[in-house]
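Below is a briefing for a reader new to this structure.

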Amino acid sequence: MKAARIHAYGDPDVLQVDDAPAPVAGKGQVLVDVFASSVNPIDCKIRKGVLRAGLRYDLPRTLGMDLSGVVAAVGEGVTRWKVGDEVIASPNPKTPGTYAEQSVVDDAELGRKPKNLTHAEAASLPLVFLTAWQALVDKAKLKAGERLLVQAGAGGVGTVAIQIGKHLGAHVLTTCSAKNADLVRSLGADDVIDYREVQWDAVAQHIDVVLDALGLPEARRAYKVMNKGGRIVGISTGLPERVAKAGPVLGLAGTGIAMGCAMLGSRLRGHPSWYITRKPDGSQLDHLADLCERGVIRPVIDTVYPLEQIAEAHRHSDSGRARGKLVIQVRAAGSLAPPGLRR
Ligand SMILES: NC(=O)c1ccc[n+]([C@@H]2O[C@H](COP(=O)([O-])OP(=O)(O)OC[C@H]3O[C@@H](n4cnc5c(N)ncnc54)[C@H](OP(=O)(O)O)[C@@H]3O)[C@@H](O)[C@H]2O)c1
């Protein structure tokens, strides 16, 4: 099968589209024919070797943590899915990678694909939805009437977080550059802060929940704009900068210490705070499908790249200027024969 793999850590050109062995579904796993995947900044961090002290891979390694596709086979003990089901997932990093014609996903990490979306649209959502949902609902327990500040509202996580915030009845403030103001307003943002023109902490006020996608220094600036007891959920830790300065092992250790100190410092000021890593969760993805079909969440796609242009897609993500999501089209829609007719 075709798969985009890294053979070494480095710039986007280390990604090659290879003829790779197809994975096999083990006990409790599902083999998926992948139609589309998407690029997340974590894929680029893995490609650069930033995470290699904590996430060890034998190279070559297929990258990718999002998929939309069709069940091709089920492993022993799987009863929830059958061949031909349309599914989405953001699988755990131990599974084979989703920039490939086939991938294997643990049964409980699969959700149903929203019926109203194409595979390309559906593949743009799992990782960013799980991240934003787990930050705003599971951790911060955002309530109707509260004021939510979403940092980097025009990014993959931000575009979904704004929509979740509005769905939960919050007043949503967000930061982005002027060119993206109309986009974030169309997603429901009430107040848009052009962070290139003004200091966001000079204009945002009375915030109950901050979703911080920018890193620790920005999170600290949040104290002065928060209501008493306001909560901070961080999803960006500054690991790449520390690894660049101190190497993978010390960079990872330093990041763990910095996160712990930041959470403690925040709590001592009366602001509960957490750093989270998205957890795969099929039942939350089923809920995502419901929200898409009810028109609550819509995908925001910047560019769809064919698998062969994976290096270009990574360069785009590395630029830090993606507007919504970068999708990878792995197979053309309608290119797969129905299950009974496959060789
Ligand atoms: N912990 C987790 O589980 C988890 C999960 C997902 C993502 N993350 C992390 O969260 C961060 C965001 O992820 P993402 O997928 O949303 O990234 P992304 O899609 O690549 O974000 C790109 C966006 O960031 C905006 N941006 C850049 N600098 C900004 C600034 N100083 N202020 C406001 N907006 C700014 C840009 O908007 P403009 O062009 O308008 O500036 C652009 O639209 C990344 O560091 C990622 O690794 C963590």
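Domain bounds here come from an automatic or database domain assignment. That assignment gives domain 1 (2–125 + 299–341) and domain 2 (129–275). This is a predicted model: local features need pLDDT of at least 70, side-chain atom pairs count only at pLDDT 80 or more, and totals for chains, interfaces and linings use all residues. Residues are numbered from 1 along each chain as its sequence is written.

**Domains**

- The centres of domain 1 and domain 2, taken over C-alpha atoms, are separated by 27 Å.
- Their contact takes 14 residues from domain 1 and 15 residues from domain 2, where two residues are in contact if their C-beta atoms, placed from the backbone, lie within 7 Å.
- On the side of domain 1 that touches domain 2 there are 5 nonpolar, 5 polar and 4 charged residues. Ala, Val, Leu, Ile, Met, Phe, Trp, Tyr, Cys and Pro count as nonpolar, Asp, Glu, Lys and Arg as charged, and the others, Gly among them, as polar.

**Nonpolar core**

- A nonpolar core is a set of buried Ala, Val, Leu, Ile, Met, Phe, Trp, Tyr and Cys residues joined through C-beta atoms within 7 Å. A residue is buried if 20 or more other C-beta atoms lie within 10 Å of its own, exposed if 12 or fewer, and partly exposed in between, with C-beta atoms placed from the backbone.
- The largest nonpolar core has 95 residues, of which V32, A132, L136, V160, A161, L211 and I328 touch the most other members.
- Helix α3 (residues 126–139) gives the most to this core, with 8 residues. Helices (H or I, at least four residues) and strands (E, at least two) are DSSP runs, numbered from the N terminus.
- Domain 1 and domain 2 both give residues to this core, so the core lies between them.
- Not counting residues up to four places away in sequence, V32 touches L67, G69, V70, V71, A72, V87, Q102, S103 and V105.

**Ligand shell**

- Of the 29 residues around the ligand, P41, A154, G155, G156 and S177 come nearest; a residue is near a molecule or strand if its C-beta atom, placed from the backbone, lies within 6 Å of it.
- By class, this shell has 13 nonpolar, 13 polar and 3 charged residues.
- Both domain 1 and domain 2 give residues to the shell, so the shell lies between them.
- At least two shell residues come from each of α1 (41–48), α3, α4 (156–167) and β10 (171–176), and α4 gives the most, with 3 residues.

**Helix α4**

- Of the 12 residues of α4, 10 are buried, so the helix is largely enclosed by the rest of the structure.
- The buried residues of α4 pack against α3, β9 (147–150), β10, α5 (181–186), β12 (207–212) and β16 (325–329).
- After α4 comes G169, whose phi is positive, near 90 degrees.

**Single residues**

- A152 is found in the loop between β9 and α4. A152 is not a glycine, yet has a positive phi of about 60 degrees, and counts as buried with 23 C-beta neighbours inside 10 Å.
- H206, in the loop between α6 (200–203) and β12, also has a positive phi, near 55 degrees. H206 is exposed, with 12 other C-beta atoms within 10 Å.
- The peptide bond from L59 to P60 is cis, with omega near 0 degrees, and P60 is found in the loop between α1 and β4 (61–62).
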